[in-house]
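Reader: Can you walk me through this one? I'd like to start with the ligands.

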Amino acid sequence: MTGDDPLEESESGEPLPDGGEGAAGSRSSSEFRTDGGAAGADDVALDPWGSSSVSDYRKLFEEFGIEEFDEALAEVPNPHYLMRRGVIFGHRDYRPVAEALRNDEPAAVLSGFMPTGDPHIGHKLVFDEIIWHQQQGADAYALIADLEANSARGMSWDEIDEHARDYLLSLLALGFDPEDGTLYRQSTNRELQDLAFELGAEANFSELQAIYGFDGETDVSHMQSVVTQMADILYPQLEESKPTVIPVGPDQDPHVRLARDLAERMRFFKVSKAYASFELEPAERDLVADCYERLDPADVDDDSLRCVHVAEALEETPLSDLDADADTLRSVLTKLEEGGMEPVRPRTRFFDRRASDEAFDALIDAIDGEKRVYEGHVDAFEIDRAEAEELAREIEVDNGGYGFQPPSSIYHRFMTGLTGGKMSSSIPASHISLLDDPADGYDKVKAATTGGRETAEEQREKGGKADECPVYELYAYLLAGDDDEFAKRVYDECVGGERLCGDCKEQAAQLMREFLEEHQEKREEVEELLEQADIELESPRRR
Ligand code: TRP
Ligand code: SF4
């Protein structure tokens, strides 16, 4: 099976989606883009264990609802260079994390590593993301997904232990602080397993089948590794709920989405806006909200505007002027007519999803001001949405719930292979392992394909194609480090025809050699730190 790590997924090496973003010159220098990126018309499949390929990052936005990282960038304090350069290209709901970091409020970062091979420069991106969040004040978690490696990849425990150690050494060598952060392996974390068990009660086989393509042949342990990952993602919130970011490649997005759903399903109450005692579907509610707002304030005296009036107003409006389909309109009219003379008044609703009677009663008591209690919900007229969310969480936590916040995620681009095409751990020349002999690292870079032209003359004349160059990617993703000016200089010199590939690769190869030398020295230095860290390095399991 292939695709066992972030490197496998890459299929880039083509220009950025809109064709222009990659050009440093087309942006102000503070926001230049230096990554490769990808375009193309291929389908995007997100499969955490398969051969996901991302050939068109646009589709991730359009089809999967991943948001563009750029749009949140301004809210991030001291953004990491991977963020500044668009290597981190997408996110789900990252804003609460950015806000917590800005305000020195609790936040967490967590990612997991399947110990199936050597840690390589693709994993380094994730290590760096975890470490950066830790340095910005987040509680940092890194876990070894040994159960997943065993169940989904068939790795033996000996192999797992060996690789786990290598991942951890690189993580510490790159700056993870194990005293301040948390390391664990899935198999020995009892609390994690308990949480996985609880979360498993909220998901069923059909759902896993739909998300992951599981079928009757799928091992039960493989399914268990899914709920274990769900528990991983929510683990930082076990003691206290907080904004949590999961840095991963986009192939992991199905896991993130499921975890967000499960987090929500675990909540005792759902807070929403309502207009009358009965429930409306979101689209129906939008219609009523719209209509309510459009009614002339002169006619709207809170006590006299009733369901039938809104129904009449809706009936008088041509469907083409309403932002809804005929079915929605029909069902909303039925509900409003049934509501009859009930006043229409905006309110905040606490819907009882899975609270105990005590928790529901405690909520009712805690609501200030006018309120109405119904069978499965309570409506509050004097508190706004944000206050209501806070109250709902407080009551839940006081009554033994977790009060989970939906976890956020950030997604990085996959790197292009040094030999062109995919960077794959099964093709050693295509990628650089953090354990590669520095001399081999040098050689691999020297042998890499480039975005250069046929001849030096042509290159001087037309410039190189940095956006399609794996060597340029090395500079942007790793070798230039935090030095944006350096990355930009390489880019500008390349596309301006001043930089030729031979020298450029020589420089990159030397930097790679230095990086590997330093990194491996640091790995040795942190051996002791790892021995002292609170994580089992040897699995008690054998098979
Ligand atoms: N499934 C991830 C992978 O294939 C590893 C993983 C396990 C993970 N638990 C996680 C990633 C939690 C992020 C968060 O590499
Ligand atoms: Fe790539 Fe450097 Fe050649 Fe430009 S000059 S195409 S960045 S190797």
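**Ligands and rings**

Author: Met114, Glu148, Gln229, Asp232 and Gln252 come nearest to ligand 1, out of 14 residues around it. A residue counts as near if one of its heavy atoms lies within 4 Å. The model is predicted, so local features need pLDDT of at least 70 and side-chain atom pairs pLDDT 80 or more, while totals for chains, interfaces and linings use all residues. Residues are numbered from 1 along each chain, chains are lettered from A and ligands numbered from 1 as written, and side-chain values use heavy atoms, without hydrogens and water.

Reader: How far is the polar side-chain atom of Glu148 from a nitrogen atom of ligand 1?

Author: 2.8 Å. For Asp232, a side-chain N or O atom is 2.7 Å from a ligand 1 nitrogen. For Gln252, the distance from a polar side-chain atom to a nitrogen of ligand 1 is 3.0 Å.

Reader: And how much of ligand 1 does the protein bury?

Author: 93% of the 360 Å² that ligand 1 exposes when taken alone. Those areas use the Shrake-Rupley method with a 1.4 Å probe.

Reader: Which elements supply at least two residues of that shell?

Author: β3 (108–113), α10 (220–234) and β6 (244–248). Helices are DSSP runs of H or I with at least four residues, and strands are runs of E with at least two.

Reader: Switching to ligand 2. What surrounds it?

Author: Its neighbours include Cys469, Cys494, Cys501 and Cys504, along with Arg499 and Tyr472. Two elements give two or more residues to that shell: α19 (470–479) and α21 (501–525).

Reader: Now aromatics. How many pairs in the whole structure?

Author: 14 aromatic pairs. Ring centres of Phe, Tyr or Trp (its six-membered ring) must lie within 6.5 Å; planes under 30 degrees apart are stacked, over 60 edge-to-face, the rest tilted.

Reader: Why is the Phe61 and Phe89 pair edge-to-face?

Author: Because their planes are at 65°, with centres 6.0 Å apart. Phe61 is in helix α1 (residues 57–62) and Phe89 in strand β2 (residues 88–92), so the pair ties together parts 28 residues apart in sequence.

Key: Polar contact = N/O pair within 3.5 Å; in protein donor to acceptor, adjacent residues only side chain to side chain.
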